[in-house]
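Subject: Handover of a structure and the findings from it

Dear colleague,

Please find below the structure that I am passing to you, with its sequence. My notes on what was found in it follow directly after.

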Amino acid sequence: MTPRGLLLDAMGTLIGLRAGVGHTYAAVAGRHGLAVEAAAIDQAFPRIYRQAPPLAFPGLTGQALQAAEVAWWSARIAEVLAAVGAVPEPATPLPPELGPALFERFAQADLWQVYADVPAQLEAWHHRGLKLAVVSNFDSRLPGLLEALGLARWLDAVVVSSAAGAAKPDPLPFQQALARLSLDAAEVWHVGDSPEDGAGARAAGIRWIQVKRP
């Protein structure tokens, strides 16, 4: 069956960082009095991120939601810095503006790249009349990033886990995207790169198309 809509993962599918997170962590931490090695951050970050609780805050909106997002990322930053020995332990107080500064820095489009094949593919899908929605385990910064990177014009909806109240592989973000597109699960495919994409799509009754980036 030809789909009437597509749900698209963001990170690793449509966009990615131009450099490892360590480069930015080291630069911003340095401005707040902490010396860290970018390579050590890059090695520690994936493990910390995989072990973290879901980036999801049921019932929160507006400023309360953003405050929860900043707190979530600040906790991850503290864990990463403790893992590389920049602070004695995750509970060690960080410079108070470090977490918010890194949160804001990663909201800026110059850190991100759109994969080369993405604009033409989105345009082709849009031209065919497919409804397109992003479903991402990310936060309220994503719509602005997609706008700044020139992708928002093709999208009918953006669902992020922090506002959805659940993160992939939970089916809820997919179900919210379906509702916003006014489509049923059988009418859409999900395009994504991670095991969470596959498990979440299957849990929502949606066919998964796996992306494998170099």
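Which residues lie nearest the centre of the largest pocket, and how many residues line it? The model is a predicted one, and in it the lining of this pocket consists of 39 residues. Those nearest the centre are M11, F45, Y49, W73 and N137. The volume of the pocket is about 1,100 Å³.

**The lining of the largest pocket**

Several elements each supply at least two residues of the lining, namely β2 (15-17), α1 (21-31), α2 (38-51), α3 (62-83), α4 (98-105) and α9 (195-203). Of the contributions to the lining, that of α2 is the most, at five residues. Sorted by class, the lining holds 24 nonpolar residues, with seven polar and eight charged.

**The packing of the helices**

I begin with α1 and α2. Their axes come within 7 Å and cross at roughly 125 degrees. Angles of 65 to 115 degrees count as roughly perpendicular and those over 145 as roughly antiparallel, so a value between these ranges is called oblique. That makes α1 oblique to α2, and the crossing of the two helices is right-handed.

The next pair is α2 and α3. The axes of these helices come within 9 Å, with a crossing angle of roughly 130 degrees. They are therefore oblique to each other, and α2 passes α3 in a right-handed crossing.

The last pair is α3 and α4. Here the axes come within 9 Å and cross at roughly 105 degrees. The two helices are therefore roughly perpendicular to each other. By class, the contact of α3 with α4 counts eight nonpolar, three polar and two charged residues.

**Backbone features in two loops**

Two points in the backbone may also be of interest to you. The peptide bond that joins K168 and P169 is cis, and its omega is about 20 degrees. P169 is placed in the loop between α7 (161-164) and α8 (172-181). The other point concerns S182, a residue other than glycine with a positive phi, near 55 degrees. S182 is found in the loop between α8 and β6 (188-192).

Yours sincerely,

A colleague

Notes
Residues numbered from 1 in each chain as written. Predicted model: local features only at pLDDT ≥ 70, side-chain atom pairs only at ≥ 80, totals over all residues. Heavy atoms only, no water. 1 Å grid on protein atoms, 1.4 Å probe; cavity = no way out; pocket = protein on both sides within 12 Å on 5 of 7 lines; lining within 4 Å. Points joined across faces, edges and corners; volume = space filled by probe spheres on them. Helix = DSSP H or I, 4+ residues; strand = E, 2+ residues; numbered from the N terminus. Nonpolar A, V, L, I, M, F, W, Y, C, P; charged D, E, K, R; others polar. Axes fitted to C-alpha atoms, helices over the stretch in contact; angles between N-to-C directions. Parallel < 35°, antiparallel > 145°, perpendicular 65-115°, else oblique. Left-handed = near helix turned anticlockwise from the far one by under 90°.
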